[in-house]
Amino acid sequence: MVAYTPGEQPQGGGWVKLNTNENPYPPSPRALEAMRAALADEGALLRLYPSPDAAPLRQAAARLHGFDERHIVAGDGPDDPLNLLIRAYAGPGRSVGMLMPSYSLYPVLAAAQGAEVIRVPLMPDYSFEIETVARCGAAVFFLTNPNAPLGVAFKPEKVRALAESFPGLLVIDEAYAAFAETDCVELAKALPNVVVTRTLSKGHALAGLRAGYALCPPEVAEVLHRVRDSYNLDRLAQVAAAAALEDREWLAVTVSKICASRTMLSEELVRLGWKVNPSATNFLLATPVSAQCPASAATAAHAFDFLRQRKILVRLFPHHPLTANALRISIGTEVEMAQFVAAAKAWTKG
Ligand code: PMP
């Protein structure tokens, strides 16, 4: 099997880091307070094991989503529930399905479990046929919604129609839901074959903490609780993630700043002649073009190198025709976006 390739984490300062969809703003102060409280008395609580099933985080998620706490499974990042789902439901003869392109971790987790991967290509307009997915034969299908790296969201009616016709387990990976207008939590409440996974890495600015959770049908939650590590989220992550989920005002303010920057960046790039995907996430997939350079993978690589020389880091996805000509640009602070726009202008006018 081949390992997952994470985005570059550059050493040393001075980078405008727009390559791994981190939140550019500091997390909720309530998350920090919760960690400080858990470290009181010279860290006495760290002697003790944490809640084995991450009760503080699960209770906060239950309040937030109006979801039964017993059917929420927390993990060390959403990759942990994704891994648990594959461990429990896929393997030899029980394949994993995914749209192409989408999150490249799923095939890695599937390979570790000896499960075949069924890749359903998205059409050039980024749509998929419900029938094709419903009949693909996968035991577990991962629907990244909003899609990464394309940025677009699928309509809830379409996802519902897919869930109703797909005979296996449909996992809706909502890593970017904080930046989208809709989500599929209601589907996970209503249907016995739908799981929704969430992370605190993007919307809540806690990528360094590693916390996520899955909203599951009762039977699935019971299975995942059986196969997970007995203490799969540390004490500090549990309380900080819970406090972050409770701070809805912080989330609303931060998300609205990021969405405003996303609109501004999109408009600037369109003015330069770049093609920009609609986005329901905290990144834009944009195809650079200039008078000398038509859209191509070579042009994207050229723009990438130009930006990198100016210490601006974005990400290339050269292995799929729907992404090969483009740059994925995480939304940064207003200052970072201004720096990016200045460099993009310099490259385009070259
Ligand atoms: N799902 C998708 C679609 C993602 O893009 C990511 C982040 N790369 C994750 C899940 C995992 O997020 P985390 O950093 O919290 O592990």
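In which helix does L57 lie? In this predicted model, L57 belongs to helix α3, which covers residues 55–65. With a relative accessibility of 0%, L57 counts as buried, because anything under 20% falls in that class. Setting aside the neighbours within four places in sequence, L57 is in contact with A74, G212, Y213, L233, Q238, A241, A242 and L245.

The secondary structure comes to 13 helices and 13 strands. The radius of gyration is 20 Å, close to the 20 Å that the globule rule gives for 350 residues, so the chain is as compact as a globular protein of that length. Along the principal axes, the C-alpha trace spans about 60 × 55 × 35 Å. Of the 350 residues, 55% are buried, and L57 is one of the residues that count as such. Contacts across the sequence can be summarised too: among those between residues at least 6 apart, 72% join residues at least 24 apart.

To begin with, helix α1 (residues 29–38) and helix α10 (residues 235–246) have axes that come within 7 Å and cross at roughly 150 degrees. Because angles over 145 degrees count as roughly antiparallel, α1 is roughly antiparallel to α10. The crossing of this pair is right-handed. On the α1 side the contact is made by R30, A31, A34, M35 and A38, while α10 contributes L236, V239, A240, A243, A244 and E246. By class, the residues of this contact divide into 9 nonpolar, no polar and 2 charged.

Next come helix α4 (residues 79–89) and helix α9 (residues 218–227), which pack at an angle of about 95 degrees with their axes 10 Å apart. Since angles from 65 to 115 degrees count as roughly perpendicular, this makes α4 roughly perpendicular to α9. The residues that meet are L84, L85, R87, A88 and Y89 from α4, and E219, V220, V223, L224 and V227 from α9. Sorted by class, this contact has 8 nonpolar, no polar and 2 charged residues.

The remaining pair brings in helix α13 (residues 334–349), which packs with α12 at an angle of about 125 degrees, the axes lying 10 Å apart. This angle makes α12 oblique to α13, and the crossing of the two is right-handed. In α12, the residues T299, H302, A303, F306 and L307 meet F340, A343, A346 and W347 in α13. Here the contact residues divide into 7 nonpolar, 2 polar and no charged.

Another runs from A148 to P149, with omega near 15 degrees. P146 is found in the loop between β5 (140–144) and α7 (156–165), and P149 lies in the loop between β5 and α7 as well.

Positive phi values in residues other than glycine are a further point of interest. Y126 has phi near 70 degrees, and Y126 is not a glycine. This residue sits in the loop between β4 (117–121) and α6 (130–134). Is Y126 buried or exposed? With a relative accessible area of 13%, Y126 is buried, because this value is under 20%. K311, another residue other than glycine, has a positive phi near 60 degrees. The place of K311 is the loop between α12 (297–309) and β11 (312–313). At 32% relative accessibility, K311 counts as partly exposed, because 32% falls between the 20% and 50% limits.

Note on methods. Residues are numbered from 1 along each chain as its sequence is written. This is a predicted model: local features need pLDDT of at least 70, side-chain atom pairs count only at pLDDT 80 or more; totals for chains, interfaces and linings use all residues. Side-chain values use heavy atoms; hydrogens and water are left out. Axes are lines fitted to C-alpha atoms, for helices over the stretch in contact, and angles run from 0 to 180 degrees between N-to-C directions. Helices (H or I, at least four residues) and strands (E, at least two) are DSSP runs, numbered from the N terminus. Angles under 35 degrees count as roughly parallel, over 145 as roughly antiparallel, 65 to 115 as roughly perpendicular and the rest as oblique. A crossing is left-handed if the near helix is turned anticlockwise from the far one by less than a right angle, and right-handed if clockwise. Contact means heavy atoms within 4.5 Å. Ala, Val, Leu, Ile, Met, Phe, Trp, Tyr, Cys and Pro count as nonpolar, Asp, Glu, Lys and Arg as charged, and the others, Gly among them, as polar. The radius of gyration is taken over C-alpha atoms; the globule rule is 2.2 Å times the number of residues to the power 0.38. Buried means under 20% relative accessible area, exposed over 50%, partly exposed in between (1.4 Å probe, protein chains only).
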